[in-house]
Amino acid sequence: MATLPAPMSDSSAPISPRVRFAPSPTGYFHVGGARTALFNWLLARRLGGRFVLRIEDTDRERSDPAWTEGILSALTWLGVAWDEGPFFQSERRHLYDAAAARLFAEGRAYACDCSPETVKARTDQRAVPGYDGFCRGRALPFERGRALRYRVPDEGTTVVHDLVRGDVEFQNATIEDFVLVKSNGDPLFVLAVVVDDLDMAITHVIRAEEHLPTTPKAVLLWDALADGHPLPAFAHVPVLVNERRQKLSKRRDRVAVEDYRALGYLPEAMVNYLALLGWSPADGREVLSRQEMIDEFRLEDVLRSPAFFDERRLLHFNGLYLRALSVDEFIERARPFLESDQVPWRPEHFDTAVFSALAPLVQERAGTLGEVPGLVEFLFAEPFEPDPDAFAKAIASDPEAGRILEAAIAILESVEFSPAALRRAIEEVAEQAGRKLGKAQAPIRVATMGRSTGLPLFESLEALGRERTLERLNAALGRIPGA
RNA sequence: GGCCCCAUCGUCUAGAGGCCAAGGACACCACCCUCUCAAGGUGGAGGCACGGGUUCGAAUCCCGUUGGGGCUGCCA
């Protein structure tokens with residue numbers, strides 16, 4: 001991908017759509033980046049074009065291959081697959097050097113030896129912010145130790161035709177002579193982006209709104225370098241914001257895609273939720289398959305205002321997708337969470353068959369896959385310890401609890417351990433105690449399952465088995481204060 | 001400060017001049033279902049930031065104000 005496409009001989013011939021996602025590997029990959037990537041991907045699929053992944057690692061100080069790995073694995077997890085790349089700007093340096101040399105040779109750019117400090121000192125005294133053009137007329141040779149700045153026209157207007165925002169006008173007078181190449185020789189992203197978009201024959205630049213202010217610079221550079229190749233279409237999608245309505249930040253906000261994966265969110269739920277942030281299909285449906293998104297996605301329908309990344313809504317979608325899984329799929333996808341080293345039981349105590357038997361009941365209750373172990377912990381964790389708060393509330397402070405546990409022990413010694421028979425047995429206990437079934441089972445539930453809420457009791461006792469059930473009921477009985 | 005963007009329930013949104021006494025979803029509240037918890041069902045509360053225009057008619061168009069955000073780096 002280092003050559004320009006052959007000029008179109010027939011200007012009416014359709015140009016193959018090529019979109020790109022160009023993250024910089026300077027921090028963990030957050031959901032805002034994922035949403036931008038998704039929109040790019042959706043458009044590429046929708047138009048039957050190519051999705052190019054380009055890693056913008058021109059800043060050697062801040063870039064780290066580990067972050068690149070994170071981006072690639074997150075995109076893979078989400079199923080946002082790239083058709084070409086990943087390309088690394090750090091490997092394409094010669095292209096930027098050549099472009100810089102050309103701009104300098106043609107007088108479109110000039111060398112500057114002002115230090116950032118002196119520039120700042122001067123601009124602080126001026127009404128107009130930005131570089132003051134001090135080196136414009138000095139005709140300094142372009143060499144190591146000097147930055148290269150673009151000579152922005154003093155007059156005129158640069159218009160960005162934006163697919164989601166319409167035409168946005170910038171007075172050239174408000175654009176400073178921006179730096180293209182650092183004094184250490186490294187190119188800056190404005191230059192690299194334009195060179196690459198041109199070289200890679202990109203037709204659509206879809207990126208976050210924060211890039212809108214730099215777009216007129218890209219347009220100026222494109223005009224200087226593209227030799228007439230048409231400018232790509234631009235689309236600046238709204239940023240994702242936190243609860244304080246600020247742009248999601250890698251530093252400030254804990255919203256790494258990787259974190260959601262670790263918590264047990266399904267990628268299809270994440271994708272569905274992300275797609276609906278700033279976009280919605282014409283008929284208002286919310287649960288959409290990938291194909292439906294592809295078929296219906298249009299940049300023209302993307303909103304212009306920022307959207308808040310609402311985890312509660314994400315959780316809702318996750319539950320929807322989780323429950324829509326077949327039981328077998330659910331078991332399969334829960335497996336990594338049941339076999340992780342974070343699990344609250346010793347691996348050898350886990351029993352797949354026991355889990356599988358209860359899986360449908362677990363599936364109905366888990367909001368994320370990460371919640372699965374907690375729901376079945378009582379089956380596998382040894383030694384068994386009821387939750388202290390639950391014990392205090394349902395047993396220690398319930399004067400009837402002792403009698404109920406005793407009655408339960410008596411009847412469960414002989415009853416068949418099937419949900420139906422267990423239900424009849426506990427109903428009998430409830431009757432003896434003069435309570436409703438739900439109230440009567442509370443102490444039994446805490447004594448055997450350790451919590452006051454969770455899976456249905458009878459199926460759980462069946463899975464636990466008679467021996468352990470009786471053991472736990474007796475243990476609880478023995479721990480009642482004053483009993 | 002300068003440049004730019006944005007503005008419908010708490011949140012995500014539908015709405016492209018009359019079909020809107022503004023619809024859906026999440027969250028919230030109540031009830032139903034129910035062995036707990038979920039899930040599900042029913043109902044409820046809750047919004048067009050403000051002010052001017054344009055028009056027979058404006059959430060929808062224009063202007064202004066206010067508010068929020070982004071950029072303002074030899075980061076991307």
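Domain bounds, as used here, come from an automatic or database domain assignment, and on this basis chain A is divided into domain 1 (18–88 + 190–239), domain 2 (95–181), domain 3 (325–380) and domain 4 (388–478). The model is predicted, so that local features need pLDDT of at least 70 and side-chain atom pairs count only at pLDDT 80 or more, whereas totals for chains, interfaces and linings use all residues. Residues are numbered from 1 along each chain as its sequence is written, chains are lettered from A in the order in which they are written, and side-chain values use heavy atoms, with hydrogens and water left out.

The centres of domain 3 and domain 4, taken over C-alpha atoms, are separated by 23 Å. Their contact (heavy atoms within 4.5 Å) takes 11 residues from domain 3 and 12 residues from domain 4. About 940 Å² is buried between the two domains, 68% of it on carbon and sulfur atoms, where buried area is the accessible area (1.4 Å probe) that two parts lose on being put together, summed over both. Within domain 3, the residues that lose the most area to domain 4 are Leu361, Phe378 and Leu379, which together account for 54% of what that side buries.

Between domain 3 and domain 4 the count is 1 salt bridge, defined as a side-chain nitrogen of Lys or Arg within 4 Å of a carboxyl oxygen of Asp or Glu. Arg451 forms a salt bridge with Glu377, their closest N and O atoms lying 2.9 Å apart.
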